[in-house]
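Please read them with the coordinates open beside you.

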Amino acid sequence: MRQPLIGISCHYDAARQAWLLGEAYAAAVYRAGGLPVALLPGDPGGAAVILERLDGVILAGGVDVDPVHWGEEPLPGCGEIVPAADAFELALARGCLQYGKPLLGICRGMQVLNVAAGGTLYQDIHTQLTGVLKHSQQAPRSYATHKICLTAGSLLDRLLGCRELRVNSFHHQAVCRLAEGLRVTARSADGVIEAVEHVDWPFVLGVQFHPEAMWQQSPVFLELFNALVQASRGEKMPGNHYVGV
Ligand code: MN
């Protein structure tokens with residue numbers, strides 16, 4: 001069976017002046033039957049050329065998205081930003097949104113997807129919202145620390161086959177105003193958006209948790225990578241209609 005080429009964004013290590021990619025992302029793509037390739041930012045205009053060569057994209061985790069991209073000045077709670085990563089990944093996400101290229105946005109990648117589609121983020125949920133849960137867990141990466149509730153009939157629900165599950169959490173930014181064209185498919189108990197998907201394209205999906213760190217212990221999370229690889233081969237996603245609200 002054809003192994004689709006799945007590009008995965010890297011994150012920048014300023015101290016080493018190196019772009020890095022956690023091996024867990026590549027391992028999940030290999031396991032799902034895809035061929036992972038690391039994507040290094042260059043000219044944002046090059047994103048379209050790279051995208052043409054890829055069958056699917058993972059926008060991986062990383063540091064904060066610069067609030068300038070949704071028209072805000074930085075608040076004290078905003079963390080490290082890497083302008084080159086923002087420009088490149090926003091361009092990749094916009095390309096996927098334009099052409100329906102299969103996209104799995106993980107953590108920062110889901111946030112990039114929402115901003116690329118015209119939405120906004122909380123720069124720091126712990127100072128901008130009251131009553132939030134702990135979303136920056138201090139526990140092993142594979143360990144789930146909070147619950148999420150899935151939207152019935154969403155692609156996420158159909159792929160994971162459950163309405164509620166526990167996930168890991170390594171974020172302090174979150175989706176604030178949802179972009180047009182996306183819908184919420186999971187929230188944590190405090191209302192924070194934990195997953196989104198595109199209303200029209202077959203596989204443009206974002207999750208706030210890190211499935212690449214969980215599938216070895218909890219195989220259900222591999223379904224997200226299986227679906228990305230299947231969509232990148234042009235296969236249909238399970239179910240063909242949306243019954244949620
Ligand atoms: Mn969380």
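1. Leaving aside residues up to four places away in sequence, Asn168 touches Gln137, Arg141, Tyr143, Ala144, Thr145, Phe209, His210, Ala213 and Met214. In this predicted model, Asn168 is found in the loop between E9 and E10, and with a relative accessibility of 0% it counts as buried.

2. Two of these neighbours also meet the side chain of Asn168 through backbone atoms. A polar atom of that side chain lies 2.7 Å from the backbone oxygen of Arg141, and a polar atom of the side chain of Asn168 lies 2.9 Å from the backbone nitrogen of His210.

3. Which protein residues are the donors of the manganese ion? They are His135 through ND1, His146 through NE2, Ser169 through OG, His171 through NE2 and Glu194 through OE, and they lie 2.2 to 2.3 Å from the ion. Along the chain these donors follow the spacing H-x10-H-x22-S-x1-H-x22-E.

4. On aromatic residues, a search of the whole structure finds 2 pairs. In one of them, the rings of Tyr12 and Trp19 have their centres 4.8 Å apart and their planes at 50°, so this pair is tilted. Tyr12 is partly exposed, with a relative accessible area of 26%, and Trp19, at 24% relative accessibility, likewise counts as partly exposed.

5. The aromatic pair formed by Phe209 and Phe221 is edge-to-face, with 5.8 Å from centre to centre and 70° between the planes. Phe209 lies in the loop between strand E13 (204–207) and helix H7 (222–232), and Phe221 is in the loop between E13 and H7, so the pair ties together parts that are 12 residues apart in sequence. Both Phe209 and Phe221 are buried, and Phe209 is one of the residues that Asn168 touches.

6. How many disulfides does the model contain? The count comes to 0. For Cys162, the closest cysteine sulfur is that of Cys149, and at 10 Å from the sulfur of Cys162 it is too far for a bond. Cys176 is in no disulfide either, as the nearest cysteine sulfur, that of Cys78, is 14 Å away. With a relative accessibility of 33%, Cys176 counts as partly exposed.

7. A last point concerns Ala28, whose place is in helix H1 (residues 23–32) and which is buried, with a relative accessible area of 0%. Not counting residues up to four places away in sequence, Ala28 touches Trp215, Leu222 and Phe225. Ala28 and Glu223 are 195 residues apart in sequence, and their C-alpha atoms are 9.9 Å apart in space.

Key. Residues numbered from 1 in each chain as written. Predicted model: local features only at pLDDT ≥ 70, side-chain atom pairs only at ≥ 80, totals over all residues. Heavy atoms only, no water. Donors = N, O, S within 2.8 Å, 3.2 Å for Na, K, Ca; no water. Phe/Tyr/Trp six-rings, centres within 6.5 Å; stacked < 30°, edge-to-face > 60°. Buried < 20%, exposed > 50% of the residue type's maximum accessible area, 1.4 Å probe, protein only. Helix = DSSP H or I, 4+ residues; strand = E, 2+ residues; numbered from the N terminus. Disulfide = S-S within 2.5 Å. Polar contact = N/O pair within 3.5 Å; in protein donor to acceptor, adjacent residues only side chain to side chain. Contact = heavy atoms within 4.5 Å.
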